[in-house]
Amino acid sequence: MKLLELQSVHYRINRTEILRGIDLNISTGEFLTIIGPSGSGKSTLLRLLNNLNSPTSGNILYREKNINTYVPEALRVQISYVFQKPYLFGTKVIDNLKYPFKLHSKEIDLGKISALLKELNLDEDILQKNIHSLSGGEQQRIALIRSLILEPEVLLLDEITASLDPVNRSMVEDFIKQLHQRSELTILLVTHDMQQAKGLGNRTLYMNQGKIVHDMPTESFFGRGIDGELDKFMSGQR
Ligand SMILES: Nc1ncnc2c1ncn2[C@@H]1O[C@H](COP(=O)(O)OP(=O)(O)OP(=O)(O)O)[C@@H](O)[C@H]1O
């Protein structure tokens with residue numbers, strides 16, 4: 001099923017064109033990794049898909065309806081965004097994990113919270129901890145759990161491992177990979193880490209200067225003997 005569709009999407013701030021005509025179709029269960037030089041518009045694309053900003057022109061359809069016709073809070077249950085810098089609020093970890101249930105007037109499912117904690121290798125006693133006492137890796141895993149708690153259909157991951165040490169990074173990568181394998185979850189992952197892009201997704205988008213320059217199966221993108229040229233790609237010289 002065609003889950004997300006972008007039709008000639010442009011996004012401008014003042015006179016600067018940040019996105020310059022994005023056409024994209026994403027089906028249920030795809031795992032896209034989005035790469036490209038700094039400033040090429042990767043995060044902006046995710047923000048538009050979460051209705052945090054609206055296109056200057058063009059359309060974004062979710063389940064064949066324009067995303068601006070959905071109530072934003074309801075849309076963000078279905079399309080959940082995890083930021084590079086984990087954003088936790090309040091005092092205790094548990095408040096963050098109960099919040100999605102409360103916001104949407106659902107019964108708090110402690111079993112689900114426990115299961116996700118376990119999968120991300122976190123001890124139950126973390127729930128009573130102050131958010132400021134957590135390491136960066138723990139904070140990011142809690143933010144990830146919070147984004148998954150109401151079982152979104154689409155997960156937007158914006159450089160979520162960028163500030164993690166190698167152990168935490170590979171733990172989060174393994175979790176995401178398994179999550180994708182066992183569910184119908186559609187994932188869009190922005191990364192600067194080429195090993196991650198190569199190892200996680202099944203479709204790669206390469207963006208440069210607000211456009212999608214390459215859109216192809218991950219194996220084809222990385223399987224062209226371009227490893228020696230990746231630095232050029234990422235600095236925008238290709
Ligand atoms: N609020 C804003 N005001 C002005 N310019 C902005 C704003 N947000 C983004 N931009 C500009 O839009 C361009 C694209 O930004 P975006 O964050 O989407 O790029 P990116 O590919 O995600 O970069 P990075 O890899 O460095 O995170 C950049 O040139 C950035 O400076």
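Which residue of strand 4 does Leu6 stand opposite? Leu6 faces Ile60 in strand 4.

## Basis of the description

The structure is a predicted model: local features need pLDDT of at least 70, side-chain atom pairs count only at pLDDT 80 or more, and totals for chains, interfaces and linings use all residues. Residues are numbered from 1 along each chain as its sequence is written.

Helices (H or I, at least four residues) and strands (E, at least two) are DSSP runs, numbered from the N terminus. A residue is buried if 20 or more other C-beta atoms lie within 10 Å of its own, exposed if 12 or fewer, and partly exposed in between, with C-beta atoms placed from the backbone.

An open sheet is formed by four strands in the order 2-1-4-5, with antiparallel pairing. Its edges are strand 2 (16-27) and strand 5 (65-66), each of which pairs on one side only. Two strands pair if DSSP finds at least two bridges between them; strand 1 and strand 4 (residues 57-62) are joined in the antiparallel sense by five bridges.

The ligand is surrounded by Ile13, Ile18, Gly36, Ser38, Gly39, Ser40, Gly41, Lys42, Ser43 and Thr44, where a residue counts as near a molecule if its C-beta atom, placed from the backbone, lies within 6 Å of it. The shell divides into two nonpolar, seven polar and one charged residue. In this division Ala, Val, Leu, Ile, Met, Phe, Trp, Tyr, Cys and Pro count as nonpolar, Asp, Glu, Lys and Arg as charged, and the others, Gly among them, as polar. Helix 1 (residues 42-49) gives the most to the shell, with three residues.

Within helix 1, Lys42, Leu45, Leu46, Leu48 and Leu49 are buried. Seen down the helix axis, these buried residues fall within an arc of 160° (taken from the directions from the axis to the C-beta atoms), so they line one face of helix 1. Asn51, with a positive phi near 55°, follows the helix.

## Nonpolar core

The largest nonpolar core has 53 residues, of which Ile34, Leu49, Ile145, Leu156, Leu157 and Ile187 touch the most other members. Strand 1 (residues 2-13) gives the most to this core, with five residues. Such a core is a set of buried Ala, Val, Leu, Ile, Met, Phe, Trp, Tyr and Cys residues joined through C-beta atoms within 7 Å.

Residues are in contact if their C-beta atoms, placed from the backbone, lie within 7 Å. Not counting residues up to four places away in sequence, Leu49 touches Leu4, Ile60, Ile79 and Leu156.

## Helix 3

Val93, Asn96, Leu97 and Pro100 are buried in helix 3 (residues 93-103). Viewed down the axis of helix 3, they fall within an arc of 95°, so they line one face of the helix. Lys102 and Leu103, on the other side, are exposed. The cover over the buried residues includes helix 4 (110-119) and helix 5 (136-148).

Conventions. Two residues are in contact if their C-beta atoms, placed from the backbone, lie within 7 Å.
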